[in-house]
Amino acid sequence: MIRNILIRGKNIPFIKGENVLIDHFNKVEQAKKFTNYIHSWEQSNVEIKQIEVSYVYMFGQNVGFVNLIVDAYLNGIKLPGFVFLRGDAVAILLLVNKKMVLTQQFRVPVGKYTIEAPAGMMDEQGDFGGVAAKEIKEETGISIQHNEMRYLQDMLVSPGGSDEVIHLFVVEKNMEQKQLDELCKKTHGAEGEGEQIKLVIQDFTWENVLKTYDSKLIAATAAYYNPKL
């Protein structure tokens, strides 16, 4: 199946891959992550000849991840065109009683446990603050208000293969230590998503930040200490 989508006033062939269901193809065309991606091309002078949806991974009824093959040329030379479409995400530098509250969970793509800043993917509403608050509650059990969040900056994660942009926030608050200790004893995570998350509390030092290897946490810390960057 071939349709046309409008990019910079031109009709560009939009192709359904052989193994993609028509219902999933339709949902990709309407998904916020895809419309944002198409919008990102508006200021570019790169020629696009076609876009193919080669694979769609659904989150229930919603579009999760999408593989695109983009036929694009710059100065007549074909560019690498594989795109892993994830969409936007949020990550939070969470400081409670001046210490970092981090999450520990097993990550199948890297085959090991990781320690990270709380984070999550954007939904179709695109409410950064709402998603940040929701993710903190799901992953840590800690409730926060919008006015407790301070925006830091955005970061590209892997622009050679993915469109993902992470919006970084910081939250600084105080809690009763007993309450925090109780949360550390529990397993957290969104129901039905297979998450099994434990909390890790660490001193907020560059040494501890770098030891996590978590790019979200490292970038958020850099932005926290250098707010004018």
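Thr114 sits in strand S9, residues 112–116; strands here are DSSP runs of E with at least two residues, helices are runs of H or I with at least four, and both are numbered from the N terminus. This is a predicted model, in which local features need pLDDT of at least 70 and side-chain atom pairs count only at pLDDT 80 or more, while totals for chains, interfaces and linings use all residues. Residues are numbered from 1 along each chain as its sequence is written, and side-chain values use heavy atoms, with hydrogens and water left out.

Back to Thr114. Its relative accessible area is 16%, so Thr114 is buried. The cut-offs are under 20% for buried, over 50% for exposed, and partly exposed in between, with a 1.4 Å probe and protein chains only. The side chain of Thr114 has a polar contact of 2.5 Å with the side chain of Glu116. A polar contact is a pair of N or O atoms within 3.5 Å; within protein, one must be able to donate a hydrogen and the other to accept it, and residues adjacent in sequence count only if both atoms are side-chain atoms. Leaving aside neighbours within four places in sequence, Thr114 is in contact (heavy atoms within 4.5 Å) with Thr103, Gln104, Gln105 and Arg107.

Next, strand S4. How many of the 13 residues of S4 are buried? Ten are, so this strand, residues 62–74, is largely enclosed by the rest of the structure.

Now the pairing partners of S4. Two strands pair if DSSP finds at least two bridges between them. With S3, residues 47–59, S4 pairs in the antiparallel sense over eleven bridges. Within that pairing, Tyr57 has Phe65 of S4 as its bridge partner. S3 and S4 make a hairpin with two residues between them, and Gly60 in the turn has a positive phi of about 65°.

S6, residues 82–85, is also antiparallel to S4, over four bridges. Here Ile69 stands opposite Phe82 of S6. S5, residues 77–78, pairs with S4 in the antiparallel sense over two bridges. S4 and S5 form a hairpin, again with two residues between them. Asn75 in that turn has a positive phi of about 55°.

As background, side chains in a regular strand alternate between the two faces of the sheet.

Which residues is Asn67 in contact with, leaving aside neighbours within four places in sequence? They are Glu52, Val53, Ser54, Tyr55, Phe82, Val83 and Phe84.

Tyr73 is also placed in S4, and it counts as buried at 18% relative accessibility. The bridge partner of Tyr73 in S5 is Lys78. The side chains of Tyr73 and Asp71 make a polar contact of 3.2 Å. For a distance along the chain, take Arg150: it is 77 residues from Tyr73, and the two C-alpha atoms are separated by 40 Å.

Last topic, salt bridges. The structure holds 13 of them, a salt bridge being a side-chain nitrogen of Lys or Arg within 4 Å of a carboxyl oxygen of Asp or Glu. In general, side chains of opposite charge can pair when their charged atoms come close.

Asp23 and Lys27 form one, at 3.8 Å from N to O. They are four residues apart in helix H1, residues 22–30, so about one helical turn separates them. Asp23 is partly exposed at 41% relative accessibility, and Lys27 is partly exposed at 23%.

Glu135 and Lys134 form another, with the closest N and O atoms 4.0 Å apart.

Lys211 and Glu207 are both exposed. Elsewhere, salt bridges that share partners join Arg107, Glu116, Asp214 and Lys216 into one network.
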